Amino acid sequence: MIDLFYDDDIYVFARRDQNETVIVAFNRSEQEKKVTVPVGLVGVKDGVDLGALIGTTPGAQVVKGQATLTLPRRTAVAYKLR
């Protein structure tokens, strides 16, 4: 498990094994939040898309080693690399 971002309302981490990486984000705020996460820390390359595994949360694309996630209020989202 690798911590990628956290503050008072948001926590984002990655889980990796030999075959895949999953990024999990929690937003405990009463408002939607956007957060930029340094996914390059876990070897995710530019141009890779992050697609939500659960729900209809918009995905994100990796640019310059970072992905901007839009997290709905009071929710958890898991992203798979595509």
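Reader: What makes the contact between the side chains of Arg 28 and Asp 9 a salt bridge?

Author: Happy to take that one, with the reminder that this is a predicted model. The N to O distance for Arg 28 and Asp 9 is 3.8 Å. The cut-off is within 4 Å, between a side-chain nitrogen of Lys or Arg and a carboxyl oxygen of Asp or Glu, so the pair counts as a salt bridge. Arg 28 sits in the loop between strand S3 (21–27) and strand S4 (33–37), while Asp 9 is in the loop between strand S1 (2–6) and strand S2 (10–16), 19 residues apart.

Reader: Why is Arg 28 called exposed?

Author: Its relative accessibility is 57%, and exposed means over 50%, so Arg 28 qualifies.

Reader: And why does Asp 9 count as partly exposed?

Author: Asp 9 has 25% relative accessibility. Buried would need under 20% and exposed over 50%, so Asp 9 falls in between.

Reader: How do you know that Asp 9 and Lys 33 meet in a salt bridge?

Author: Their N to O distance is 3.6 Å, which is within 4 Å. Asp 9 is in the loop between S1 and S2 and Lys 33 in strand S4, so the pair ties together parts 24 residues apart in sequence.

Reader: What makes Glu 20 and Lys 80 a salt bridge?

Author: Here the closest N and O atoms are 3.9 Å apart, again within 4 Å. Glu 20 lies in the loop between S2 and S3 and Lys 80 in strand S8 (residues 75–81), 60 residues apart.

Technical notes: Residues numbered from 1 in each chain as written. Predicted model: local features only at pLDDT ≥ 70, side-chain atom pairs only at ≥ 80, totals over all residues. Heavy atoms only, no water. Helix = DSSP H or I, 4+ residues; strand = E, 2+ residues; numbered from the N terminus. Buried < 20%, exposed > 50% of the residue type's maximum accessible area, 1.4 Å probe, protein only.
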